[in-house]
Amino acid sequence: MLPAIGVAIRRENRIVFDDESLNALEITFERADDPLRTYRYIGETRDFDYVSVHGLKLSVGSPDEPSKHYMDMMLDVAQENGAVSLSDHLGFTRDSNQGTEMGHFALVPLTEPALDVVCRNVEIAMAHFAPLHFFIENIAYVCKFGGTLEEADFISRMLDRTGVGWLLDVTNVYANGTNYNYDPYEFIRRVAPHASRVQMHLAGGYFDKEVDMYLDSHSHPIPDPIWDLYKFAIEQNKGKVDCVFIERDQNFPEEAEWRAELKKMRQIAEQVEGVGSVEVSQ
Ligand SMILES: [Fe+2]
C-alpha cells in the first residue's frame, strides 16, 4: 500500500498544492484559518485523497479526561474538511482542564499509572472521533521525568491496549535517540509490530552545540540520516502506513525545495512498497 504523501499546511507551502507527488494535507488544529475548509487554500482546483486534523492540546497525559469542548471543535474542523483522521501527541500541556496551561506538550512520566491514564484518555478520544481514525504521535523532549518503563514499551503497550494509530514522527525518534543515546532504528523496530495503522511526520532540525542537543525545530531541509530512518520506518511498517507528512515551520524554503522533498518522500515509499519504477533523487 502506497502511503498518501502530504504536508502540514502552512501559508508558505500553498504554492505546491498542485504538486503531482502531493495527495494529502494535514491541518494543524490550532492554526486552522477561518473559514476552515481546505478548498480555501487550494481554490477548489483539486481534491486530496487524505486529510488529517492535528491537535496540539488534547493533552492525553493529563490526569483529567480530555476536554469535550476541545474534542468537539477538532471534530468540527475534521468534518468540515472531509478529514479521515485526527491526531495529537503523547504528552500533557496542562495539569488539569482548568489548571495551568504550559503552551507546549511535555512527555508523561513513563510509569504504569501514567500509562493507565493515557490509555483511558486515548480511548475516550477514539470513541468521540469514531468512525474517524485517531493517531498518537511520539514527541521529542528536552527533559524526562523519572519512570519505570522504557518509552518504546510505553508506546507499544498503549498501542496494544487501545488500538490507536501511531503517528510516527521519524525526526522525533532521531532527536531523542541522539539526545538520550539510544538507537532510533531499534526503537522503531520494537514499536512497529504493535501499530495497527501508521502515519508519519518528517522534518529537519539541527544540532545546537550550546545545549548539546538535536532540536526538532522544523527549520531545515530533511537531512540524509532522517531520510534513511524514514526508509527503514516504511519498511518496518510496510502495508500499514496511511500517510506521511512533511512539517516545516521556520526558514521556509523556495518552491523547488518543497517539491524536491515531496518527490523524494514519494519515491522512497514507492521503492519500499514496490510500486512503479522509481529512482530516488539525491
Ligand atoms: Fe511531528
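Select helix H6 (residues 184–191). Its buried residues pack against H4, E8, helix H5 (170–180) and helix H7 (224–236). Contact here requires C-beta atoms, placed from the backbone, within 7 Å. This is a predicted model: local features need pLDDT of at least 70, side-chain atom pairs count only at pLDDT 80 or more, and totals for chains, interfaces and linings use all residues. Residues are numbered from 1 along each chain as its sequence is written. Helices (H or I, at least four residues) and strands (E, at least two) are DSSP runs, numbered from the N terminus.

Stay on H6. Its buried residues are Pro184, Phe187, Ile188 and Val191. They lie on the same side of H6, because they cover an arc of only 95° around the axis. The arc is taken from the directions from the helix axis to the C-beta atoms. Buried means 20 or more other C-beta atoms within 10 Å of a residue's own; exposed means 12 or fewer; partly exposed is in between; C-beta atoms are placed from the backbone.

Next, select strand E8 (residues 165–169); 5 of its 5 residues are buried. Gly165, Leu167 and Asp169 point one way, and Trp166 and Leu168 the other.

Now look at the neighbours of E8. Strand E7 (residues 133–137) runs parallel to E8, joined by 3 bridges. Strands count as paired if DSSP finds at least two bridges between them. Glutamate 137 stands opposite leucine 167. From E7 the chain crosses through helix H4 (residues 151–162) to E8, a right-handed β-α-β crossover. Right-handed means that, with the strands pointing away from the viewer, the path from the first strand over the helix to the second runs clockwise. Strand E9 (residues 198–202) is also parallel to E8, with 4 bridges. There, leucine 168 stands opposite methionine 200.

Select Val170 and Leu202. Of the 77 residues in the largest nonpolar core, these two touch the most other members. Such a core is a set of buried Ala, Val, Leu, Ile, Met, Phe, Trp, Tyr and Cys residues joined through C-beta atoms within 7 Å. Leaving out residues up to four places away in sequence, valine 170 touches Met200, His201, Leu202, Ile226, Leu229, Tyr230 and Ala233.

Move to the hairpin of E10 and E11, with 4 residues between the strands. Strands E10 (residues 204–208) and E11 (residues 213–220) pair antiparallel over 4 bridges. Tyrosine 206 has leucine 215 as its bridge partner. In the turn, aspartate 212 has a positive phi of about 60°.

Finish at glycine 103, in strand E6 (residues 101–106). Buried or exposed? Glycine 103 is exposed, because it has 9 C-beta neighbours inside 10 Å.

Definitions and conventions: Contact = placed C-beta atoms within 7 Å.
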